[in-house]
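Subject: Structure handover

Hello,

Here is the structure I promised to pass on. Please open it next to this email and follow along.

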Amino acid sequence: MTNALRAQMPPAHPFDDDKLKEECGVFGVVGVDNAASVVALGLHALQHRGQEAGGIVTHSFPQGFSSARRFGLVRDNFTDESTLATVPGPIGIGHVRYSTSGSKGATQIRDVQPFFGEFSMGGAAIAHNGNITNALQLRKELVERGSIFQSSSDSECIIHLMARSMGQNIPDRMEEALRKVEGAFSVVAMTRTKLIGCRDPLGVRPLVLGQLGDGWVLASETCALDIINATFIREIEPGEMVVASAKGVESHFPFRRAKSRFCIFEHVYFSRPDSILGGRSVYETRENIGRELAKENPVDADLVCPVPDSGTPAAIGFSLESGIPYAMGIIRNQYMGRTFIEPSESIRNMGVRLKLNVNRALVKNKRIILVDDSVVRGTTSRKIKEMILEAGAAEVHFRIASPPTAWPCFYGVDTPQREKLLAATMSEEEMRDHLGVDSLKFISLDGLYRAVGEAKGRDKNAPKYCDACFSGEYPVKPADMLDQGFEMKTAAE
């Protein structure tokens, strides 16, 4: 991997750097009173998809377009009347962000979405979940043609492409812009009167449609519909564009049809367990993953304990399948939050203990199976193992509810450079020794597919999901990364 490529990758996070970071969350509503309040509630439900910053754009007559963008959590920024009063109107969109491109870890307020553009036929705002894999190429071409970028985000390319389009209306311009974009995108956009939603042809990232009274809602997940008591209508299909207004919802497919490749890690970790994906309960899918994991990798032990909170449904499934009792051997500090900033080096070195604590009375002298959703760098796993052993556990066995993460994601997930991924440099046995546990086993890729409803496992010739982080098979070539020296998996691997 070249130095140029390393420069594009995120720096190591000082805390909790052993998890893949969620992409982003998008939400939009049209035809309601006080759209900003509804958007704020929707974004609050999608907070797990991004805690770095958030933004809301609305439109009202005669005030026009209004926006509010803030760093931090929705609950800290978009709950008071004075802030929401600055974004009036019956239509609005919002975005919660974890930086997957641009100035990772050093976000400027200008990087916070939604982005807004004023065109000859009126203004439009967009919010994007995913990652544009040819963004650097597009940006270079646009700058050479006179475009002036305000942010470091790949998503801004869409606004500039729309500005250069000759389409007669905003949806047409958005179509033309998105045809030039490669990678993954679920986009929610708005004009003065219309709410627009669109998914890339492979449907890598989720987007759902709901109804709220006479109005319409677009959201990354169904849990954001639940919080506002909206009715779930359906998922936006891969490659589909919908336009919602007072006249109803219009739908068409502006892109060449392709077989869906939805991100399988949404089922494993990213989505909230109370959401519905592809007609399946995320919670039930994760419980099924635990069952498959127990079938594939049984072990004699006394207790099955989740690594909170993402490992909980899989641990329950493992316990049910194995008959080994389930117990909360590790307790999470619910008040620390996911944006805790360590004030000193000594506290920073406390690491996982700020977030998790072992239930000593429960684990002492017990053989413990720890179920987690993934192992990325391995740093957190080692610390948790040490805490369990210090509390007197007799044995520690790790069972992981996903296959080894051996490849970076370029479709909207913040992953370390490949050499920082434990599974890219070590075998399963080497990882077990590195973590210092009695055993370490991952669910197989076929087992994961079975858990999400594919009875025959993964079809190697036509996989139903994007599983590039496990398989190294990228459904869309990461053009920018390839230009900078990234080496894809060869046919022989």
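Which residue in β10 is the bridge partner of Val 29? It is Val 217. Keep in mind that this is a predicted model.

**Strand β1 and its neighbours**

Start with β1, which covers residues 24–30. It pairs with two strands, so take them in turn. Strand β10 covers residues 215–219 and is joined to β1 by four bridges. The two run antiparallel. Strand β4, residues 91–97, also pairs with β1 in the antiparallel sense, over seven bridges.

Now look at how covered β1 is. Seven of its seven residues are buried. This holds for both faces. Cys 24, Val 26, Gly 28 and Val 30 sit on one side. Gly 25, Phe 27 and Val 29 sit on the other.

**Cys 24**

Cys 24 lies in β1. UniProt, in an unreviewed entry, places the feature "active site" at Cys 24. Is Cys 24 buried or exposed? Its relative accessibility is 5%. Buried means under 20%, so Cys 24 counts as buried. Leaving out residues up to four places away in sequence, Cys 24 touches Arg 49, His 95, Val 96, Arg 97, Tyr 98, His 128, Asn 129 and Ser 220.

**Gly 123**

Next, go to strand β6, residues 122–132, where you will find Gly 123. Its relative accessibility is 4%, so Gly 123 counts as buried too. His 59 is 64 residues away from Gly 123 along the chain. Their C-alpha atoms are separated by 9.7 Å. With residues up to four places away in sequence left out, the contacts of Gly 123 include Phe 65, Phe 116, Met 190 and Arg 192.

**Helices α10 and α11**

Last, the helix pair. Helix α10 spans residues 282–296, and helix α11 spans residues 312–322. Their axes come within 6 Å and cross at roughly 45°. That angle is why α10 counts as oblique to α11. The crossing is right-handed. Which residues meet there? From α10, they include Tyr 283, Arg 286, Gly 290 and Leu 293. From α11, they include Pro 313, Ile 316, Phe 318 and Leu 320.

Best wishes

Definitions and conventions: Residues are numbered from 1 along each chain as its sequence is written. This is a predicted model: local features need pLDDT of at least 70, side-chain atom pairs count only at pLDDT 80 or more; totals for chains, interfaces and linings use all residues. Side-chain values use heavy atoms; hydrogens and water are left out. Buried means under 20% relative accessible area, exposed over 50%, partly exposed in between (1.4 Å probe, protein chains only). UniProt positions are given in the numbering used here, feature names are shortened, and annotations may be inferred rather than shown by experiment. Contact means heavy atoms within 4.5 Å. Axes are lines fitted to C-alpha atoms, for helices over the stretch in contact, and angles run from 0 to 180 degrees between N-to-C directions. Angles under 35 degrees count as roughly parallel, over 145 as roughly antiparallel, 65 to 115 as roughly perpendicular and the rest as oblique. A crossing is left-handed if the near helix is turned anticlockwise from the far one by less than a right angle, and right-handed if clockwise.
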